[in-house]
Amino acid sequence: MRTIDWDDDRAAVRLIDQTRLPVEYEVVYCERVEELIEAIKELKVRGAPALGIAGALGVVLACKTATEGEEIERYLMKLKKARPTAVNLFYGIDRAYSAAKRGKTPEEKEKLALAEANRLIEEDIAVNRRIGDYGSELLEDGDVVLTHCNAGRLACVDWGTALGVIRTAISRGKHIEVIACETRPLNQGSRLTTWELMQDKIPVTLITDSMSAAVMREGMVNRVIVGADRVVKEGVINKIGTYMHAVLAKEHGIPFYVAAPTSSFDLEHGYEEIEIEERSPEELIYCGDTQIAPADVRVYNPAFDFTPFELIEALITEKGVFHTPIKLI
Ligand code: MRU
């Protein structure tokens, strides 16, 4: 099943609830834009490309609920505020709303927004396949690839960016194994990356984030591939911990690759200008229902970090591979 899609029968957004994985596979439906906004905030749907689709489908729901333009825009402001860092959310909203605005009646607007959202869904799948085509050329038979967070099919509509590169390489006969970092504090690596790779019978080993230096030093890894939430003027913003792996990869002479669609590009802005989402202290103070830190401890919990292009050997996009020294503008 696609990670996120439109259900015609229910006139609702259908998505895999990623907060329940890997224990339960549950599909949820959002019939109202407020439900979708909550699903985004709670990370039921997450990952930059999937957030782009959520944004576009959110416009469809906003047009369905609201009767006039101003009301739609109020919903879209709330939708944009659901998560600030991945640029795809804004990209998806803007594309679908530009299409919707060509309609005169609410019904026409909804129809046009849905047609554009469906185009984005098909584009996402095709773009990931192309990223896979280009990126798989960089992998050699026998490689062990370390990845962080989840940049797989669960972060997109299907196939994935970083994991898509691995899937394509495997489909072309290369033997590739994966080391998945757990990705504290929300564990997208241990909960989602391992789950989706195991579904496809791709060999995967789980490690804690802090083991990455040791596995590199021991020669257990020969490439790193991650995704991106936003590619800015001087580098890449991605899940917290990405920068640490990039620094370590440089130190150990291991190629560090980023796989991302150009819909994640925001080359008009530099890193300093981007809001890095800071999440609730509870994510560090509790592990499930168990308290693991003093309840009133001061917490710093940014969800993303910045990796400069100097640390990235190749940026893999659907338009081709940009090799180091990466210059996009
Ligand atoms: O907080 P998340 O789970 O939405 O963060 C996701 C990531 O950081 C991914 O690596 C990124 O969105 C790329 S997904 C193809």
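Okay, one term before we start: partly exposed means a relative accessible area between the 20% under which a residue is buried and the 50% over which it is exposed. Keep that in mind for Glu-31, which comes out at 34% relative accessibility and so counts as partly exposed. And please remember that what you're looking at is a predicted model.

Let's stay with Glu-31 for a moment. Its partner is Arg-10, and the two form a salt bridge in which the closest N and O atoms are 3.7 Å apart. Where do these two sit? Glu-31 is in the loop between strand S3 (27-30) and helix H1 (33-41), while Arg-10 is in the loop between strand S1 (4-7) and strand S2 (12-16), so this pair ties together parts that are 21 residues apart in sequence. Arg-10, at 43% relative accessibility, is partly exposed as well.

Ala-11 has a phi near 50 degrees, which is a positive value in a residue other than glycine. Most residues other than glycine have a negative phi. Ala-11 counts as partly exposed, at 25% relative accessibility.

Now let's zoom out. The chain splits into domain 1, residues 4-128, and domain 2, residues 135-328. Their C-alpha centres are 25 Å apart. How much area do the two domains bury between them? About 2500 Å², with 58% of it on carbon and sulfur atoms. On the domain 1 side, Arg-46, Thr-85 and Asn-128 supply 25% of the area buried against domain 2, more than any other three residues.

In terms of contacts, 28 residues of domain 1 touch 32 residues of domain 2. Between the domains there are 15 residue pairs in polar contact. Which elements give two or more residues to the domain 1 side? Those are helix H2 (48-65), helix H4 (87-100) and helix H5 (106-136). H5 gives the most, with five residues. As for the kinds of residue on that side, we have 18 nonpolar, six polar and four charged.

There's one salt bridge between the domains. If you look at Arg-83 and Glu-277, you'll see a salt bridge there, with the closest N and O atoms 2.9 Å apart.

While we're on salt bridges, how many does the structure hold? The count is 24. Let me show you a couple more. Arg-153 and Asp-200 meet through their side chains at 3.3 Å, N to O. Arg-153 is in the loop between strand S4 (144-147) and helix H6 (162-171), and Asp-200 is in the loop between helix H7 (188-199) and strand S6 (204-207), so here the pair ties together parts 47 residues apart in sequence. Asp-200 is partly exposed, at 33% relative accessibility.

Then there's Glu-283 with Arg-279, whose side chains meet at 2.7 Å, N to O. Are these two buried or exposed? Glu-283 is buried, with a relative accessible area of 13%, and Arg-279 is buried too, at 17%. There's also a network: salt bridges with shared partners join Arg-2, Asp-5, Asp-7, Arg-14 and Glu-122.

Back to the H7–S6 loop, where Lys-201 also lies. Lys-201 has a positive phi of about 60 degrees, although it isn't a glycine. At 75% relative accessibility, Lys-201 counts as exposed.

Inside H7 itself, have a look at Thr-193. Thr-193 has 0% relative accessibility, so it counts as buried. Its side chain reaches the backbone oxygen of Cys-149 at 2.7 Å. Setting aside neighbours within four places in sequence, Thr-193 has contacts that include Thr-147, Asn-150 and Leu-163.

The peptide bond from Arg-184 to Pro-185 is cis, with omega near 5 degrees. Another cis bond joins Thr-324 and Pro-325, with omega about 0 degrees. Pro-325 is in the segment after strand S15 (320-323). For context, most peptide bonds are trans.

Last stop: Tyr-257, in strand S10 (residues 256-259). Tyr-257 is buried, at 4% relative accessibility. Leaving out its neighbours within four places in sequence, Tyr-257 touches residues including Leu-138, Val-224, Ile-225 and Ile-316. For a sense of distance, the C-alpha atoms of Tyr-257 and Lys-111 are separated by 39 Å.

Note on methods
Residues numbered from 1 in each chain as written. Predicted model: local features only at pLDDT ≥ 70, side-chain atom pairs only at ≥ 80, totals over all residues. Heavy atoms only, no water. Helix = DSSP H or I, 4+ residues; strand = E, 2+ residues; numbered from the N terminus. Buried < 20%, exposed > 50% of the residue type's maximum accessible area, 1.4 Å probe, protein only. Contact = heavy atoms within 4.5 Å. Domains from an automatic or database assignment. Buried area = accessible area lost by both parts, 1.4 Å probe. Salt bridge = Lys/Arg side-chain N within 4 Å of Asp/Glu carboxyl O. Polar contact = N/O pair within 3.5 Å; in protein donor to acceptor, adjacent residues only side chain to side chain. Nonpolar A, V, L, I, M, F, W, Y, C, P; charged D, E, K, R; others polar.
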